[in-house]
Structures are given as structure tokens and as C-alpha cells.
Amino acid sequence: MKLASLKSTTKDGQLVVVSKDLSRAIKVEHIALTMQQALDGWAAKAPQLEQVYQALCAATLPDSFAFEPQACGSPLPRAYQWADGSAYVNHVELVRQARGAELPESFWTDPLMYQGGSDDFLGPRDNIVFAQDNWGIDFEAEIAIVTGDVPMGTNSANAGSHIQLLMLVNDVSLRGLIPAELAKGFGFFQSKPSSAFSPVAVTPDELGEHWNANKVHLPLISHYNHQLFGKPNAGQDMTFDFAQLISHAAKTRNLGSGTVIGSGTVSNKQGTGWGSSIADGGVGYSCIAELRMIETIRDGKPSTEFMKFGDWVKIEMLDNSGHSIFGAIEQQVSQQN
């Protein structure tokens with residue numbers, strides 16, 4: 001099924017069930033008022049929500065209305081926890097190579113993960129707002145999962161059973177602020193502002209055969225300033241699957257229902273040398289930084305600028321028929337008033 005949260009007078013929005021084709025929605029306050037309420041009682045509420053979903057997809061219910069992504073916040077407008085991994089080690093390897101640094105062997109066996117801010121997620125059509133645009137503004141196209149309650153110490157063989165929903169993410173990064181923060185030895189903070197999520201969250205069964213081995217086996221499509229920028233396959237070159245990421249996060253703590261875990265920037269190795277841009281016949285990239293890394297490795301310096309005020313990004317995933325699965329994240333960078 002597909003779920004979304006309409007913006008409302010409360011910070012947690014109002015839960016709605018959305019039709020498979022993303023054309024209609026219906027409020028379900030008699031089941032759960034918010035996404036978090038649904039997740040907290042998932043065992044009982046998910047079957048009720050599924051019944052509404054099937055009825056909505058079969059016919060236009062009397063109380064249903066046209067679904068408008070611009071009226072949505074993030075499926076979880078705020079969450080108890082947001083942890084972003086870096087499951088595509090190819091991306092990390094390029095970062096290190098561009099700096100002339102060797103990739104530690106442990107990166108292939110022990111996932112990278114940071115804990116981000118989750119109190120103020122952006123909606124899928126909200127502007128990316130900053131006071132200035134010289135901080136190295138970048139988008140990062142990712143996939144995220146939402147968990148139920150996960151006991152501490154859950155191993156990767158069992159962790160996949162705790163995945164309730166999937167979403168797309170634009171994990172906005174301020175590349176110019178990262179080096180100074182990391183140099184302090186205490187991790188990201190100012191360099192990782194609010195992230196944006198897709199209009200709808202979907203249960204894994206919505207992906208059919210494309211959800212396999214706790215990975216999504218479909219291209220993640222990014223357009224930058226209305227030009228195709230990347231279409232890497234999210235199931236390819238994913239070193240750590242979502243079950244492994246959950247297990248890693250739960251090593252020393254319980255994870256509460258509604259925990260959001262990101263995949264990190266989706267990145268494919270590609271067998272075309274450095275000619276991996278869309279223009280060169282490759283699958284492109286899921287962030288500007290990766291293109292700049294390729295430029296640095298190939299040319300000695302980057303030539304592509306980071307995002308400026310007025311720049312626009314769109315992140316989406318399509319099924320085999322070309323229909324949007326999660327709806328699109330569409331955002332423009334704008335200046336704070």
C-alpha cells in the first residue's frame with residue numbers, strides 16, 4: 001500500500017492512504033491520525049489500512065479526493081530517529097580517491113552511518129532554503145526504509161522483517177562545511193541540514209520482484225535543472241543491504257518504530273572508465289559531488305559547480321510501465337528571507 005502525510009496544523013501532519021496510481025487519497029483518522037500512530041500500532045493498523053487501500057484502488061471512494069504531492073509533508077514530517085548509512089562503497093571510494101587517500105579495508109565490512117536531524121524534515125515540494133549559496137549545496141538521491149520496533153542486537157538475518165515502509169530521500173548536504181566539521185573529529189551537524197522525502201511511503205510488496213534481498217532493484221532517477229543527471233540502479237553495487245544497515249544501527253540500542261534509515265548516495269561502479277555521465281553513455285550520478293570527484297580524478301580539478309539559488313532537482317523512481325512509484329521529490333534552492 002501507499003501512505004502519505006498531508007500538511008496540517010500539527011507538526012506530524014494527517015495520514016492518508018494513496019491509490020497505486022497516485023491519483024486519489026483518503027483520510028483514515030478512524031484508523032490512525034498520523035503516520036507515527038500507524039507505525040506504533042502497525043500489527044493491528046496495517047491490515048485495516050490495507051483494506052482501505054484495496055478499496056481505493058478498486059473504485060473512487062465517496063470521501064476520496066485528488067492526491068496533490070505539493071500538499072504533502074514528508075511521510076514522517078518528523079521522526080524519532082534518522083540514521084543515514086553509506087551502503088554504496090563505490091561512492092566512498094571515489095571520495096577517497098579524489099583526495100588521494102586510501103580506502104580502509106574495514107569500509108567493505110563495517111558500514112558507515114551518521115545520525116542526522118529528524119525534527120524538521122522537508123516536504124517533497126518544499127524549497128531548499130539557506131541564507132547563502134556558497135556553502136557547497138548538493139543533493140543526494142537515496143532510498144530509505146522505515147522500521148517498526150527493533151530490539152538491540154538484532155542480527156542481519158532477522159532485521160529485514162522489521163522493515164515496514166520505503167521512501168526516496170534527498171539528503172541535502174553542504175559540502176563546503178563538511179571538511180571543517182570532520183576535522184573536529186565529532187561528525188556532521190551544520191553540514192547536514194533538513195532532508196526531504198518522497199510524497200508517499202510504500203510497503204515493500206508494492207515493488208514486487210524489484211524488492212529482493214532487502215534491496216530495491218530499480219534505477220533511481222535524478223534530474224538537475226531539467227536535465228537527466230543520473231539513473232543508477234539502486235540494487236547494484238549496494239555493499240550493505242537494508243537488513244545489514246538496521247543490524248548495524250541496532251548493535252548497541254533499541255530502534256523505536258518510525259526509525260528512518262537511509263541507504264546513502266546510490267552509486268554504480270560502471271564499466272566505462274570515467275565516462276560514466278549520462279552524456280558519455282553511462283548511468284550518471286546521484287549527487288554533484290560524485291561528478292566532481294570524477295572530474296578531479298580525470299582532469300586534476302572539478303569543473304561542475306554546486307547548487308546555487310534558483311537551481312532545481314527532481315528525484316523519482318519508475319516501475320516497468322514508467323509510472324512513478326513514490327511520487328517525485330521536486331525542489332528549488334532559494335534564499336532565506
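1. A salt bridge is a side-chain nitrogen of Lys or Arg within 4 Å of a carboxyl oxygen of Asp or Glu. Keep that cut-off in mind for the points below. The model here is predicted. It holds 11 salt bridges.

2. Start with Glu140 and Arg175. Their side chains form a salt bridge, with N and O 3.4 Å apart. Glu140 sits in the loop between strand S8 (137-138) and strand S9 (141-147), and Arg175 in the loop between strand S11 (173-174) and H5, so the pair ties together parts that are 35 residues apart in sequence. Are these two residues buried or exposed? Both Glu140 and Arg175 are buried.

3. This pair belongs to a network. Salt bridges link Asp138, Glu140, Asp171, Arg175 and Lys192.

4. Next, look at Lys269 and Glu93. They form a salt bridge, and their closest N and O atoms are 3.4 Å apart. The pair links distant parts of the chain, 176 residues apart. Lys269 is in the loop between strand S18 (260-262) and helix H7 (288-299), while Glu93 is in helix H3 (residues 89-99). Lys269 is partly exposed, at 42% relative accessibility. Glu93 is partly exposed too, at 27%.

5. Arg298 and Asp299 make another salt bridge, with the closest N and O atoms 3.0 Å apart. Arg298 has a relative accessible area of 42%, so it counts as partly exposed. Asp299, at 46%, is also partly exposed.

6. Now turn to helix H2, residues 42-58. How far apart are its end C-alpha atoms? They are 23 Å apart. At 1.5 Å a residue, the 17 residues should span 24 Å, so the two values agree.

7. Which residues of H2 are buried? They are Trp42, Ala46, Leu49, Val52, Tyr53 and Leu56. These residues cover an arc of only 130 degrees around the axis, so they lie on the same side of H2. An α-helix has 3.6 residues a turn, so residues three or four places apart point the same way. On the other side of H2, Ala43, Gln51 and Ala58 are exposed.

8. The buried residues of H2 have several packing partners. These are strands S1 (2-6), S2 (14-18), S3 (24-27) and S10 (163-170), plus helix H1 (35-40).

9. Ser194 is partly exposed, at 23% relative accessible area. Leaving aside neighbours within four places in sequence, Ser194 contacts Asp120, Leu122 and Val172. A polar atom of the Ser194 side chain lies 2.8 Å from the backbone oxygen of Asp120. The C-alpha atoms of Ser194 and Val129 are 9.7 Å apart, though 65 residues separate the two along the chain.

Methods:
Residues numbered from 1 in each chain as written. Predicted model: local features only at pLDDT ≥ 70, side-chain atom pairs only at ≥ 80, totals over all residues. Heavy atoms only, no water. Helix = DSSP H or I, 4+ residues; strand = E, 2+ residues; numbered from the N terminus. Expected span 1.5 Å × (residues − 1). Buried < 20%, exposed > 50% of the residue type's maximum accessible area, 1.4 Å probe, protein only. Arc of directions from axis to C-beta. Contact = heavy atoms within 4.5 Å. Polar contact = N/O pair within 3.5 Å; in protein donor to acceptor, adjacent residues only side chain to side chain.
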